[in-house]
Amino acid sequence: MLGAVLAAPAAFAQTSVPFTLDWRFEGPAAPYFLAIDNGYFEAEGLDVEISPGQGSLDAIPKVATGAFPIGFADMASVIKFIDQNPDAPVTAIMMMYDVPAFAVVGRRSLGVETPADLEGRVLGAPPPDGAWAQFPVFAAEQGLDMDAITVEPVGFPTREPMLAEGQVAAVTGFSFTSSLSTMRLGVPEDDIVVMLMADYGVDLYGNAIIVNTDWAAENPELVTGFLRAVAQGVRDAAADPEAGVAAIAARNPALDSELEVARLNMALRDNILTDWVMENGIGGIDEERFASSLEQIAMTYEFTNEPDASRYFTSEYLPTDGSLMME
């Protein structure tokens, strides 16, 4: 009995795991905060602290250098980073956005309703933006003349205000970020056009959870536990989006909860809980589609090394106990 008592504290030891997002604490981050508040990370022996990011490319070097063991990043950008840094200890381990949120968001009143309308107009694009990184693929699939589009480098804080003020006719961004943020600035919903790149020939995947491979090799069970907890967080967010946003608002009282519930619902509907995910479970990839996405990336990006799908994504840490199913 005494031995059991002495052993008890060790059983409750928690491993600290800093986790970096790609962006601010907004609605689509609800699953991670629910995984904290509902005890799913704790049940896996994890003490997770979530940090905001500064764009889709932000988390990759943070995880590659070991500053964070786990992060959330744009898949295509991960592929390019690994190609340029083949020895970097980083890879994707769980696909979260089966359909990427990459979009061009324009305004009808400024003459933008279709991809072709971008020619002859000004497009606002933050250089570190994941959607901008994929725009050349979108343009190639749509036969756009890039030279006919005036690209204005903008900062993330000024992107939607410039669109709202008419300084640019369209912007690149995540569908659920740029559209709702522009509406919040007073632009009528019926004036906003969201062109989801996946609807215009772009076969790429969206954001994925990435891991430092050195850390993962030393802590495989913790990595799998992290992913299992995230999957439960996704289920909870889908079941009660308001509760998911409330978990974020607890960390940010200034949050516009109504707006973030709408943003979370958009992400769940369009990007996360797709038909493929509902059939196969969250987190994995379709190998044929992934191969096609590599071919699309190569349309506008010259690989330094021979593309190797297994180097960019591994399913070895995904739980196999059925916890990835969303129904």
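In the predicted model, Arg 228 has a relative accessibility of 24% and is therefore classed as partly exposed. This arginine forms a salt bridge with Glu 44, with the closest N and O atoms 2.8 Å apart. Glu 44 is situated in the loop between helix 3 (40–43) and strand 2 (46–51), whereas Arg 228 belongs to helix 10, so the pair ties together parts separated by 184 residues in sequence. Glu 44 is likewise partly exposed, at 21% relative accessibility.

The search of the whole structure identified 15 salt bridges. One of them joins Asp 37 to Arg 251, again with the closest N and O atoms 2.8 Å apart. Because Asp 37 lies in helix 2 and Arg 251 in the loop between helix 11 and helix 12, this pair ties together parts that are 214 residues apart in sequence. Asp 37 is partly exposed at 42% relative accessibility, and Arg 251 is partly exposed with a relative accessible area of 35%.

Through shared partners, salt bridges join Arg 24, Glu 26, Glu 260 and Arg 263 into one network.

Arg 24 itself is located in the loop between strand 1 (15–20) and helix 2, and with 42% relative accessibility it counts as partly exposed. Beyond residues up to four places away in sequence, Arg 24 touches Pro 52 and Gly 53.

Two cavities of 30 Å³ or more were found in the whole structure. The largest cavity, with a volume of about 210 Å³, is lined by 18 residues, of which Asp 22, Trp 23, Phe 174, Phe 176 and Thr 177 lie nearest its centre. Helix 7 and helix 8 are the elements that give two or more residues to the lining of this cavity. The lining is made up of ten nonpolar, three polar and five charged residues. The second largest cavity has a volume of about 30 Å³ and is lined by Pro 28, Pro 31, Tyr 32, Phe 72, Met 96, Tyr 97 and Ile 272. The lining of this second cavity has seven nonpolar residues, with no polar and no charged ones.

Buried positions were also examined in other helices. In helix 11 (residues 241–249), the buried residues are Pro 241, Gly 244, Val 245, Ala 247, Ile 248 and Ala 249. Their cover includes helix 2 (30–37), helix 10 (220–239) and helix 12. In helix 5 (residues 75–84), which contains Asp 83, this aspartate is buried yet has no salt bridge, and the nearest side chain of opposite charge, Lys 80, is 9.6 Å away. Apart from neighbours within four places in sequence, Asp 83 is in contact with Tyr 301, Glu 302, Phe 303, Thr 304 and Asn 305.

Technical notes:
Residues numbered from 1 in each chain as written. Predicted model: local features only at pLDDT ≥ 70, side-chain atom pairs only at ≥ 80, totals over all residues. Heavy atoms only, no water. Helix = DSSP H or I, 4+ residues; strand = E, 2+ residues; numbered from the N terminus. Buried < 20%, exposed > 50% of the residue type's maximum accessible area, 1.4 Å probe, protein only. Lys, Arg positive; Asp, Glu negative; His and termini not counted. Salt bridge = Lys/Arg side-chain N within 4 Å of Asp/Glu carboxyl O. Contact = heavy atoms within 4.5 Å. 1 Å grid on protein atoms, 1.4 Å probe; cavity = no way out; pocket = protein on both sides within 12 Å on 5 of 7 lines; lining within 4 Å. Points joined across faces, edges and corners; volume = space filled by probe spheres on them. Nonpolar A, V, L, I, M, F, W, Y, C, P; charged D, E, K, R; others polar.
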